[in-house]
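Subject: Structure handover

Hello,

Here is the structure for you to look through. My notes on what was found follow below it.

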Amino acid sequence: EARMTPGAALFSTLQRVSGSLREGQKEVIYLDGLDEAFGPTGRFPQVALPGLLPRHLPEGIVMVLTSRPGEHLHWLADPTVCTTRDFAPTGQDNLEDIRTYLRQQNHTRRLGLDECFLDRLVEASEGYFAVAVLYLRDRLELQEELQAWQHDPARIPQGLTGWLTTQWERLL
């Protein structure tokens, strides 16, 4: 592989990994930050990984390219071989995942939160799953605050910024 082009060496390595996978097993490779490093808005003007990414991956190999919202990877993600997934915080699938998590926690931990209040928590999370987790994690220790939120949902910290602000106020 030392004499191969970088693209050929990568493909050779991926083939070896593919050959070592058991039936149905997958190996996922994450490439993050390409939109910040390369392309039209990146630090480097050239195209990322020119000729490096194979057109077709060996069986069982999956590559995930991440990008912040916007048209940052359109120059890299060939729609004939790539599937684009939008994980915008306010996307319906994301909000439904948060709702499902909150319902499960409510049931498992027997929190007694009504459906309307859970919907308010989903809305207040602004689509940030971590915020929904933090609402319940911290609130389990502070049941009074959770009850206060149920009586006045306007007091629920809004999104990550709201949650961080409340934590800062507590520290002060």
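**Overall layout**

The protein chain has seven helices and two strands. Helices (H or I, at least four residues) and strands (E, at least two) are DSSP runs, numbered from the N terminus. Along the sequence the order is α-β-α-β-α-α-α-α-α.

A word on the source. This is a predicted model, where local features need pLDDT of at least 70, side-chain atom pairs count only at pLDDT 80 or more, and totals for chains, interfaces and linings use all residues. Residues are numbered from 1 along each chain as its sequence is written, and side-chain values use heavy atoms, with hydrogens and water left out.

The protein chain has 172 residues, of which 33% count as buried. Buried means under 20% relative accessible area, exposed over 50%, and partly exposed in between (1.4 Å probe, protein chains only). The accessible surface comes to about 11800 Å². Carbon and sulfur atoms hold 53% of that surface. Accessible areas come from the Shrake-Rupley method with a 1.4 Å probe; for residues, only the protein chains shown count as cover.

Contact means heavy atoms within 4.5 Å. Take the contacts in the protein chain with a separation of 6 or more: 66% of them join residues 24 or more positions apart.

**Salt bridges**

A salt bridge here is a side-chain nitrogen of Lys or Arg within 4 Å of a carboxyl oxygen of Asp or Glu. By this rule there are four. Side chains of opposite charge can pair when their charged atoms come close.

Which residues form the network? Glu 96, Arg 99, Arg 103, Glu 115 and Asp 119 are linked by salt bridges.

- Asp 119 pairs with Arg 99, with the closest N and O atoms 3.0 Å apart. Asp 119 lies in helix α4 (residues 115-124) and Arg 99 in helix α3 (residues 92-108), so the pair ties together parts 20 residues apart in sequence. Asp 119 is partly exposed at 31% relative accessibility. Arg 99 counts as buried at 15%.
- Glu 115 pairs with Arg 103, with the closest N and O atoms 2.6 Å apart. Glu 115 lies in helix α4 and Arg 103 in helix α3, so this pair ties together parts twelve residues apart in sequence. Glu 115 is partly exposed, at 37% relative accessibility.
- Arg 103 also meets Glu 96 in a salt bridge (4.0 Å, N to O). Arg 103 is partly exposed, with a relative accessible area of 36%. Glu 96 is partly exposed as well, at 32%.

**Helix α1**

Helix α1 covers residues 6-20. Its 15 residues should span 21 Å at 1.5 Å a residue. The expected span is 1.5 Å times one less than the number of residues. The end C-alpha atoms are 21 Å apart, which agrees.

Which residues of α1 are buried? They are Gly 7, Ala 9, Ser 12, Leu 14 and Ser 18. Their cover includes β1 (27-31) and β2 (61-65).

Ser 12 of helix α1 counts as buried at 17% relative accessibility. Not counting residues up to four places away in sequence, Ser 12 touches Glu 1 and Met 4. Ser 12 and Pro 58 are 46 residues apart in sequence, and 9.5 Å apart in space, C-alpha to C-alpha.

**Helix α7**

Helix α7 covers residues 159-171. Its 13 residues should span 18 Å; the end C-alpha atoms are 19 Å apart, which agrees.

The buried residues of α7 are Gly 159, Gly 162, Trp 163, Thr 166 and Gln 167. They cover an arc of only 135° around the axis, which puts them on the same side of α7. The arc is that of the directions from the helix axis to the C-beta atoms. An α-helix has 3.6 residues a turn, so residues three or four places apart point the same way. The face turned away from the buried side of α7 carries the exposed residues Thr 161, Trp 168 and Leu 171.

**A nonpolar patch**

Tyr 128, Leu 160 and Leu 164 make a nonpolar surface patch of about 260 Å². Patches are made of residues with over 30% relative accessible area and no salt bridge: like charges are joined within 9 Å, nonpolar side chains (Val, Leu, Ile, Met, Phe, Trp, Tyr) within 5 Å. Leu 160 is in helix α7 and is partly exposed, at 36% relative accessibility.

Best wishes
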